[in-house]
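Subject: Structure handover

Hello,

Here is the structure you will be working with. Please open it first, then read my notes below.

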Amino acid sequence: AALEWASRGRPVFPCGPDKKPLTSHGFKDASIDPDAIRQMWSRHPDAMIGMPTGRASGVVVLDFDLDEDKGINAVPVFTELRAAGMIPEGTYTAATPRGGFHVHLEAAEAEIRNATGYDGRRGFDIRGEGGYVIVPPSISTRGTYAAEDAEAKPEPMPAELVSFLTTPRAKPKSTTSLSQIAEGNRNDSVFRRASALRGKGLEAEELLGAVSAFNETKCSPPLGEVEVQGIVRRVALEYPPNDVPSTRATLAEAWKPIPIGEIDAGEAGDPVWGELVVKGGI
């Protein structure tokens with residue numbers, strides 16, 4: 001399948017089940033050379049297929065997410081753009097494991113940049129210059145990426161869509177109510193919530209579910225899933241149930257700053273500071 005994508009002039013590279021690249025330089029290692037592709041997949045035979053977007057492949061991808069657990073549904077955005085003539089009929093489209101879909105379009109001359117929640121539309125992401133997507137028939141831990149029509153090709157981007165994606169958008173006015181937690185206070189509030197629930201005896205799995213729900217309903221916008229998991233992990237590892245401090249003071253003392261030069265990075269992707277820091281990560 002990777003060779004088939006390459007035969008269409010689309011460079012590919014292997015990715016793990018978490019969508020992270022399995023090569024040293026990520027999407028920069030993408031290739032259309034059959035020998036290079038065979039070599040990459042001989043090392044990672046079960047890898048998903050990653051394809052760089054933008055000029056590298058000549059493709060820009062509109063990503064419409066659907067995640068009921070997180071209350072994300074970008075399908076109405078797709079309907080809106082289609083009705084406005086921004087998404088051509090018959091262009092290559094792939095269903096993603098959670099029920100969303102990727103719309104592939106032929107890259108325009110204008111540079112299209114990556115974006116998350118473009119124009120304030122949650123779940124509507126752009127994969128353009130410097131980005132990449134997973135393509136069919138890749139299989140992840142959550143399901144399969146499947147083409148609606150394997151013979152379809154990316155259609156040219158309509159001028160209306162190019163304008164929409166390249167014209168500076170005005171930032172939407174804040175609609176955060178007094179009961180919501182705004183940026184700047186989210187991390188500490190989520191930590192305090194996790195501490196309080198741990199103090200009531202919740203085990204790690206229950207804690208993650210409860211804290212995630214708090215984050216989604218109270219924080220505007222919610223923290224990322226990985227960040228919430230990190231907060232819950234720290235609270236669960238540091239303190240047994242019913243024995244949690246009410247503030248960050250104890251944790252702050254426990255996590256002494258380490259000069260970055262003293263950290264041994266090890267192999268790419270290996271944890272270098274517990275489970276919190278990996279080489280190349282932030």
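How many helices and strands are there in the protein? There are eight helices and 17 strands. Helices (H or I, at least four residues) and strands (E, at least two) are DSSP runs, numbered from the N terminus.

Two notes on the source. This is a predicted model, where local features need pLDDT of at least 70, side-chain atom pairs count only at pLDDT 80 or more, and totals for chains, interfaces and linings use all residues. Residues are numbered from 1 along each chain as its sequence is written, and side-chain values use heavy atoms, with hydrogens and water left out.

**The whole chain**

The protein has 282 residues, and 36% of them count as buried. Buried means under 20% relative accessible area, exposed means over 50%, and partly exposed is in between (1.4 Å probe, protein chains only). Contact means heavy atoms within 4.5 Å.

Look for an open sheet with the strand order 1-2-9. Its pairing is antiparallel. Two strands pair if DSSP finds at least two bridges between them. Strand 1 and strand 9 stand at the edges. Each has a single partner strand, so one side of each is left without a neighbour in the sheet. The twist averages 45° from one strand to the next.

Now the pairs. Strand 1 (residues 13-15) pairs with strand 2 over three bridges. Here P14 stands opposite I49 of strand 2. Strand 2 pairs with strand 9 (residues 132-135) over four bridges. There, G50 has I134 of strand 9 as its bridge partner.

Is strand 2 (residues 48-52) enclosed or open? Five of its five residues are buried, so strand 2 is largely enclosed by the rest of the structure. M48, G50 and P52 point one way from the strand. I49 and M51 point the other way.

Helix 2 (residues 34-43) lies across strand 1 and strand 2. This helix runs at about 20° to strand 1.

Two packed helices are described by the angle between their axes and the distance between the axes. Axes are lines fitted to C-alpha atoms, for helices over the stretch in contact, and angles run from 0 to 180 degrees between N-to-C directions.

Start with helix 5 (residues 186-199) and helix 7 (residues 225-238). They pack at an angle of about 40°, with their axes 10 Å apart. That makes helix 5 oblique to helix 7. Angles under 35 degrees count as roughly parallel, over 145 as roughly antiparallel, 65 to 115 as roughly perpendicular and the rest as oblique. Helix 5 passes helix 7 in a right-handed crossing. A crossing is right-handed if the near helix is turned clockwise from the far one by less than a right angle, and left-handed if anticlockwise.

Which residues make the contact? Helix 5 brings N187, V190, F191, A194, S195 and R198. Helix 7 brings E227, I231, V235 and A236. These residues divide into six nonpolar, two polar and two charged. Ala, Val, Leu, Ile, Met, Phe, Trp, Tyr, Cys and Pro count as nonpolar, Asp, Glu, Lys and Arg as charged, and the others, Gly among them, as polar.

Next, helix 6 (residues 204-218). The axes of helix 5 and helix 6 come within 10 Å and cross at roughly 140°. This crossing is right-handed too. Helix 5 uses S189, V190, R193, A194, L197 and R198 in the contact. Helix 6 uses A204, L207, A210, V211, F214 and N215. By class, the contact has eight nonpolar, two polar and two charged residues.

I139 lies in strand 10 (residues 139-140). At 57% relative accessibility, I139 counts as exposed. I139 and M48 are 91 residues apart in sequence, but 6.3 Å apart in space, C-alpha to C-alpha. Leaving aside neighbours within four places in sequence, I139 is in contact with M48 and T144.

T144 lies in strand 11 (residues 143-144). At 41% relative accessibility, T144 counts as partly exposed. Not counting residues up to four places away in sequence, T144 touches A95, T96, P97, P137, S138 and I139.

Best wishes
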